[in-house]
Structure formats: C-alpha cells, structure tokens
Amino acid sequence: MPRPGVPERPAPQPILPSWYEPTSITLERELADRLLAERVILIGGRLDDSLANHIASQLLLLNAQGNDPVKLHLSSTDSELEAALSVAAAIDLISAPVHAIARGTVRGPAIAVLAAAERREAHHHTTFVLSAPRFTAEGTVNELAALSEAHDQQSARLRDLIAQATSRPADEVTADLETGRVLTAEDARAYGLITTIL
C-alpha cells in the first residue's frame with residue numbers, strides 16, 4: 001500500500017540477456033582460417049614488417065603441420081626491402097615447398113619473395129617491375145654511413161635472389177633493377193623469373 005506523501009516507485013523491469021557478435025571480424029577470420037587450412041597464404045597490398053611477421057608465422061605453422069606444398073598468392077605494388085627479405089628468409093627456413101603464384105603487379109623488393117619460392121607461376125596479365133629499393137634515412141654522419149652499408153647489403157641480397165632464380169649474371173640483374181625494367185608474364189618467363197603462365 002502506498003503511504004501518503006511518498007511517491008510511488010515504478011515496477012522493476014525484467015533484465016533480458018544480450019550478446020554482441022562482430023560479424024565482419026568473424027567472417028574475415030573464418031575466411032583466413034579456411035585458406036590456411038588449404039595451405040594458402042595471401043600477400044596483397046603493402047608488404048611491411050607487420051605483414052611480413054604475420055606471413056612468417058603462417059609459414060612456420062604450416063611447416064609444422066606437414067610437408068605438403070604451401071601456395072603463396074602474391075600481389076604487391078609497394079614493399080619494404082627488409083620485410084620482403086624477411087619473408088624470403090622464412091621461405092628458405094621451412095622444409096615444406098613453397099609455390100608462388102603472382103597476380104596483378106609485383107614491384108620492387110616483393111620480387112624477392114617470388115624468387116625465393118621453389119615453384120614460380122603467374123597469371124597471364126601479371127606485370128613485374130624490377131626496381132631498386134628506395135633508401136631514406138636521418139641521423140648523424142656515422143649513423144647514416146651504417147644505415148647505407150646495411151641497405152647496400154640488403155640490396156645485394158635482393159639482387160642475388162633474383163640472379164639465382166633466373167640464372168642471370170648479377171651485373172645484368174643490377175642494371176635491370178637500376179633502370180626499373182618492366183616485364184610482362186611472357187617476358188618474366190623468358191627472363192627466368194617464372195616458369196609457368198596460368
């Protein structure tokens with residue numbers, strides 16, 4: 001019974017359970033997991049340190065699961081030299097064979113990833129751009145000298161990977177990197193960069 005002069009309280013509302021499902025994240029994760037289960041890794045967009053670490057982790061995981069080939073789909077118009085060499089080193093590290101399939105455009109240091117693969121293929125309309133990696137740095141004279149030396153060593157590693165994959169002289173590869181030589185899929189096959197056009 002309400003007392004005189006005291007306002008009446010509203011009846012309490014029932015508490016209903018609720019939950020949140022991040023559908024876009026779940027869908028993206030499910031797609032990535034399904035591709036990984038098929039031993040497929042996608043490399044697209046800018047190849048930086050973060051993406052390189054992710055790819056290396058996937059390669060190591062698939063290698064631990066067995067020696068069946070890993071299919072690496074590659075399309076990268078922008079890549080950091082150190083990141084590309086890191087992925088190439090991870091490919092060399094594992095015992096499972098890596099089959100690279102190039103599509104779209106593969107430019108600059110990303111070519112190192114392709115060159116490190118055991119089998120190299122490309123879609124018919126793929127474009128390859130052999131270009132020397134850019135180098136910018138800030139610091140003292142000594143720091144810049146050390147950074148420049150490290151960059152030269154990494155550039156030589158890129159050159160050597162391409163030369164080994166294509167069986168071409170290192171001087172020829174260096175010249176092609178400096179001039180930014182552009183190759184169609186047919187040109188890349190003649191160059192030795194790929195073996196098969198899909």
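This is a predicted model: local features need pLDDT of at least 70, side-chain atom pairs count only at pLDDT 80 or more; totals for chains, interfaces and linings use all residues.

**Stop 1: the core.** Begin with L47, L59, V113 and F128, the residues with the most contacts inside the largest nonpolar core. That core has 52 residues. Its biggest contributor is helix α3, residues 81–93, which gives 8 residues.

Now select V113 and show what surrounds it. Beyond residues up to four places away in sequence, V113 touches I43, L47, L72 and L74 as well as A84, V87 and I91.

**Stop 2: helix α3.** Select residues 81–93. The 13 residues of α3 reach 18 Å from first C-alpha to last, close to the 18 Å expected at 1.5 Å a residue. Which residues of α3 are buried? They are L81, A83, A84, L85, V87, A88, A90 and I91. When you look down the axis, remember that an α-helix has 3.6 residues a turn, so residues three or four places apart point the same way.

**Stop 3: α2 against α3.** How far apart are the axes of α2 and α3, and at what angle do they pack? The axes are 9 Å apart and the angle is about 5 degrees. Angles under 35 degrees count as roughly parallel, so α2 and α3 are roughly parallel to each other. To see the contact, select D49, A52, I55, A56, L59 and L60 on α2, together with A83, S86, V87, A90, I91 and L93 on α3. L59 is also among the residues with the most contacts inside the core.

**Stop 4: S76 in β2.** Move to strand β2 and select S76. Is S76 buried or exposed? Its relative accessibility is 1%, so S76 counts as buried. Leaving out residues up to four places away in sequence, S76 touches G45, L47, T105, V106, R107 and A110.

**Stop 5: H73 in β2.** Stay on strand β2 and select H73. With a relative accessible area of 19%, H73 is buried, the cut-off being under 20%. Apart from neighbours within four places in sequence, H73 is in contact with V40, I41, L42, I43, I101 and R103.

How values were computed
Residues are numbered from 1 along each chain as its sequence is written. Side-chain values use heavy atoms; hydrogens and water are left out. A nonpolar core is a set of buried Ala, Val, Leu, Ile, Met, Phe, Trp, Tyr and Cys residues joined through side-chain atoms within 4.5 Å. Buried means under 20% relative accessible area, exposed over 50%, partly exposed in between (1.4 Å probe, protein chains only). Helices (H or I, at least four residues) and strands (E, at least two) are DSSP runs, numbered from the N terminus. Contact means heavy atoms within 4.5 Å. The expected span of a helix is 1.5 Å times one less than its number of residues. Axes are lines fitted to C-alpha atoms, for helices over the stretch in contact, and angles run from 0 to 180 degrees between N-to-C directions. Angles under 35 degrees count as roughly parallel, over 145 as roughly antiparallel, 65 to 115 as roughly perpendicular and the rest as oblique.
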